[in-house]
Amino acid sequence: MVLDPSDLYDLDAELTPEERAVRESVARFVDTRLLPIIAECFDAGRFPSELVGELAGLGLLGSTLPQEFGGGGLGPVAYGLVCQELERGDSGLRSFVSVQSSLCMYPIHAYGSEEQKRRWLPPMARGEVIGCFGLTEAHAGSDPASMRTQARRDGGDWLIRGAKTWITNGSIAQLAVVWARTGAGVSGFLVPTDARGFARTPIPRKMSLRASDTAALYLDDVRVPDSARLPGAQGLKAPLGCLTQARYGIAWGAIGAAVACHREAIAYTRERVLFGRPVAATQSVQLRLADMARRITLAQLMALRLGRLKESGRMQPTQVSLAKWNNVRTALDIARECRDLLGAAGITTDHAAIRHALNLESVITYEGTETVHQLVVGRELTGISAF
Ligand code: TGC
Ligand code: FAD
């Protein structure tokens, strides 16, 4: 029996027919709609907004939410496979879906009022309203507890003042989920981006996630009614709870980027003839490709186990930290090595490796840096917080 080089342990056999069908439909979309345009988007620094309607049509926005709010009721493993296939195309498109689904629709569903859910979730699932998630500030990235953005009461309203930066979808969003300090700790607010006093500027000169929109947000006493506050979001654990959802998707997504680079490097080294034989015939290249397969298989096993833990309601944030750390590190190392195996051909976006490697430089930083996740695991082991 010939093994699948991207699935040496036949994890496909562990998936349900529904999970396999979801993966295959997203894979088709990526192959036919994203891959033909992604290099051009990356080169131009352009988010492929023309794909948003198709993502919605495939049910990929808020896909785990119940159908009454426009979601698809997918399970965690199916959602993970969605992220994996999208990121096999590009981390930027997976980021778009992560932010819309896990960082915007999830908090509205988990912490929002009935009225907020009915108003925002269905148009977000249809891709008519794009969301962004404003937690990070210039001085408060890894340490969001030190945020300075404030919301203060003014009659029945709130006035929000502060600035957020590095915000995915920031300049294309119609709705911003903004986290701000109030007299009673951190709260979340649903802020329409056309509100008076709200401004945003795209972050220029990015060398990573070039096919994703990233912006700074400025809130100059933006007035919102109390009905825009997420009533169930109390304290920092509310935004951190959203991060757990998004980090879970990233742990799966990164595998897709690694698989794309690995497949490309196998094909390239089989074709590339040097010193009278394919470069894939050398022991050192086979050793490198085999070692990548080992690391991809470990990442796949970790993601699937995490997914089954999530399905049974037992997944812990520390387990998510371990998987985000391991799988993004694995993907970044593999993307860099594959770039090297392509020689000079690896430095242009005619091949995928350098695009994935550059993208993964962001993925290893956002949603908690690698060090933050290592320290979360260290805290679990020792019972001592090193933050
Ligand atoms: P601490 O103040 O001790 O805890 C606050 C409360 O939160 C609870 N908690 C969590 N709950 C759910 N999920 C998690 N992951 C949680 N982590 C903590 C905690 O139990 C506590 O609850 P309670 O009831 O006791 O009040 O905070 P901490 O010491 O646990 O956290 C420190 C640290 C460094 C881990 C945290 O601040 C952190 O994760 N920092 C990294 C910040 C970060 O990841 N920012 C991401 C911004 S969004 C983004 O990057 C989007 S990229 C989008 C894309 O995909 O394009
Ligand atoms: P810092 O926190 O300043 O960290 C700098 C360095 O110090 C890192 O190496 C870090 O690991 C290290 N460090 C930090 N603390 C410790 C410690 N205790 N011990 C040892 N080392 C430490 N944020 C949002 O809110 N919403 C978004 O949509 C969003 N999208 C993003 C998109 C992109 C492309 C990028 C790059 C970032 C995005 N972010 C977003 C921000 C992201 O979450 C932060 O960049 C990240 O949390 C790290 O914060 P920082 O950049 O301020 O780095």
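**Entry 1: the shell around ligand 1.** I sorted the shell by class and found 14 nonpolar, 10 polar and three charged residues around ligand 1. I keep in mind that this is a predicted model. Next I asked which of the 27 residues around ligand 1 come nearest. They are S95, K237, L240, P317 and G368.

Entry 2: I then looked up where the shell residues sit. Which helix gives the most to the shell? I found that α6 does, with six residues.

Entry 3: I checked UniProt, where an unreviewed entry lists residues 234–381 as "domain: Acyl-CoA dehydrogenase/oxidase C-terminal". Over that stretch I noted 76% helix and 3% strand.

**Entry 4: α6 against α9.** I came back to α6 and looked at how it packs with α9, a helix of residues 353–363. Their axes lie 10 Å apart, at an angle of about 160°. Angles over 145 degrees count as roughly antiparallel, so α6 and α9 are roughly antiparallel to each other. I noted a left-handed crossing where α6 passes α9.

Which residues meet here? From α6 I listed I250, A254, A257, A260, C261 and E264. Their counterparts in α9 are A353, H356, N359, L360 and V363. By class, I have this contact down as eight nonpolar, two polar and one charged residues.

Notes: Residues are numbered from 1 along each chain as its sequence is written. Chains are lettered from A and ligands numbered from 1 in the order in which they are written. This is a predicted model: local features need pLDDT of at least 70, side-chain atom pairs count only at pLDDT 80 or more; totals for chains, interfaces and linings use all residues. A residue is near a molecule or strand if its C-beta atom, placed from the backbone, lies within 6 Å of it. Helices (H or I, at least four residues) and strands (E, at least two) are DSSP runs, numbered from the N terminus. Ala, Val, Leu, Ile, Met, Phe, Trp, Tyr, Cys and Pro count as nonpolar, Asp, Glu, Lys and Arg as charged, and the others, Gly among them, as polar. UniProt positions are given in the numbering used here, feature names are shortened, and annotations may be inferred rather than shown by experiment. Axes are lines fitted to C-alpha atoms, for helices over the stretch in contact, and angles run from 0 to 180 degrees between N-to-C directions. Angles under 35 degrees count as roughly parallel, over 145 as roughly antiparallel, 65 to 115 as roughly perpendicular and the rest as oblique. A crossing is left-handed if the near helix is turned anticlockwise from the far one by less than a right angle, and right-handed if clockwise. Two residues are in contact if their C-beta atoms, placed from the backbone, lie within 7 Å.
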